[in-house]
Amino acid sequence: MVSAQLTLHSVEFAHPGMTAPLFSGLTVQFPVAWTGVVGPNGAGKTTLLKVIVGELEPQSGTVQRQGLALYVAQRTDDPPALLEDFIWAPDAAVLKARLRVEEDWPERWSTLSHGERKRAQIAVALWREPAVLALDEPSNHIDADARALLVRALTEFTGVGLLVSHDRALLYELCT
């Protein structure tokens, strides 16, 4: 894995049509570890993650990151990109076993539970070995078994992790 670094300097972002930016003058450096991103619904947490990983461009300021940056959405409607590659990759065996991802899941995506889909999303993201991993509400709508599997896998992540969650127990378990 590439040495992870993530710094925002004077970042400002507003969606089209907004009268005021969601955030402006945002300057922060994130450590190699999990950091919780918390706030009320609509505060801009998801937007911030998307700016950080490069899915959205800030109106001003800079986002400096080294290595691959990935965002894992809260929704699980569609299979993650590269799921099929992950399923058949020889180097994915440990993650598949750890997160209990099965080989027929790409064909059965529409019949999988939210927890199974979430495990697949996160397994593919971890397999790609990102330097920055941004997770949006990973424990929503999953059962205790799926949550335990995710926590176990995520504690082994060695990059910059950003976690949007209202699950205080998850934040306490992962974040420093």
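Analyst: Four bridges join E5 to E6, and the two strands run parallel. Strands count as paired if DSSP finds at least two bridges between them. Helices (H or I, at least four residues) and strands (E, at least two) are DSSP runs, numbered from the N terminus. This is a predicted model: local features need pLDDT of at least 70, side-chain atom pairs count only at pLDDT 80 or more, and totals for chains, interfaces and linings use all residues. Residues are numbered from 1 along each chain as its sequence is written, and side-chain values use heavy atoms, with hydrogens and water left out.

Start with strand E6. It covers residues 132-136. Alanine 69 stands opposite valine 132 in E6. E6 also pairs with strand E7, residues 160-164. That pairing is parallel too, over five bridges. Two partners show how E6 and E7 line up. Alanine 134 has leucine 162 of E7 as its bridge partner. Aspartate 136 has valine 164 of E7.

E7 pairs in the parallel sense with strand E3, residues 34-37, over four bridges. Here tryptophan 34 stands opposite glycine 161 in E7.

How covered are these strands? Five of the five residues of E6 are buried. Buried means under 20% relative accessible area, exposed means over 50%, and partly exposed lies in between (1.4 Å probe, protein chains only). E7 is also mostly covered, with five of its five residues buried.

Look at which way the residues point. In a regular strand the side chains alternate between the two faces of the sheet. From E6, Val132, Ala134 and Asp136 point one way, and Leu133 and Leu135 point the other way. From E7, Val160, Leu162 and Val164 point one way, and Gly161 and Leu163 the other.

The largest pocket has a volume of about 310 Å³. The search uses a 1 Å grid over the protein atoms alone. A cavity is a set of points where a 1.4 Å probe fits but cannot get out. A pocket is an open set with protein on both sides within 12 Å along at least five of seven lines, and lining residues have an atom within 4 Å of a point. Grid points are joined across faces, edges and corners, and a volume is the space filled by probe spheres set on the points.

Strand E5 (69-72) and helix H4 are the elements that give two or more residues to the lining. The lining divides into nine nonpolar, two polar and five charged residues. Ala, Val, Leu, Ile, Met, Phe, Trp, Tyr, Cys and Pro count as nonpolar, Asp, Glu, Lys and Arg as charged, and the others, Gly among them, as polar.

Next comes the loop between E5 and H2. Threonine 76 lies in this loop. Threonine 76 is buried, with a relative accessible area of 5%. It touches Trp109, His114, Arg117, Lys118 and Gln121, not counting residues up to four places away in sequence. Contact means heavy atoms within 4.5 Å.

Leucine 82 is found in the loop between E5 and H2 as well. Leucine 82 counts as partly exposed, at 35% relative accessibility. With residues up to four places away left out, leucine 82 touches Val124, Trp127 and Arg128. The C-alpha atoms of leucine 82 and valine 32 are separated by 25 Å, and the two residues are 50 apart along the chain.

Finally, the aromatic rings. Rings of Phe, Tyr and Trp (its six-membered ring) pair if their centres lie within 6.5 Å; planes under 30 degrees apart count as stacked, over 60 as edge-to-face and the rest as tilted. The count comes to three aromatic pairs. In one of them, the rings of phenylalanine 86 and tryptophan 127 have centres 5.6 Å apart and planes at 70°, so the pair is edge-to-face. Phenylalanine 86 lies in helix H2 (residues 83-88) and tryptophan 127 in helix H4 (residues 114-127), so the pair ties together parts 41 residues apart in sequence. Both phenylalanine 86 and tryptophan 127 are buried.
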